[in-house]
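Let's walk through this structure together, strand by strand. Have the sequence and the 3D view at hand.

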Amino acid sequence: MQPPERIDNDVTHGQLQLGWAHAAIALDHAALREACRCAECQFKRHHGTPVSAPADVRITAIEPVGYGVQLIFSDGHARGIYPWAYLAELAAIATG
Ligand SMILES: [Zn+2]
């Protein structure tokens, strides 16, 4: 999957916006935090503990990793890598 041409982090509204030439998606920061796939969060889910995040959690930094981004959250969690395809998949789930 191609990297987006635009990445906007809307901290006020808690939305991460990605734009391609023919598509655009917006993802809720708290939903992204809850969808984290790092080893720690996967372990919790695997053992039946949902990963929950307060609605006001925010992405405070975005680190490019080539095939996606590493998202740093205001609750101190910074281990999640989000490939572009996973972000698109999450957006599809969010919009039905
Ligand atoms: Zn995580």
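Start with strand β4 (residues 59–64) and strand β5 (residues 68–73), which pair in the antiparallel sense over five bridges. Here strands are DSSP runs of E with at least two residues, helices are runs of H or I with at least four, and both are numbered from the N terminus; two strands pair if DSSP finds at least two bridges between them. The model is a predicted one, where local features need pLDDT of at least 70 and side-chain atom pairs pLDDT 80 or more, while totals for chains, interfaces and linings use all residues. Residues are numbered from 1 along each chain as its sequence is written, and side-chain values use heavy atoms, without hydrogens or water.

Within this pair, Glu-63 stands opposite Gln-70 in β5. Three residues separate β4 and β5 in their hairpin, and Gly-66 in the turn has a positive phi of about 85°.

Now look at the open sheet of three strands, ordered β1-β2-β3 with antiparallel pairing. Its edge strands, β1 (6–10) and β3 (24–28), each pair on one side only. Between β1 and strand β2 (residues 15–19) there are five bridges, and Asp-10 stands opposite Gln-15 in β2.

Asp-10 itself lies in strand β1.
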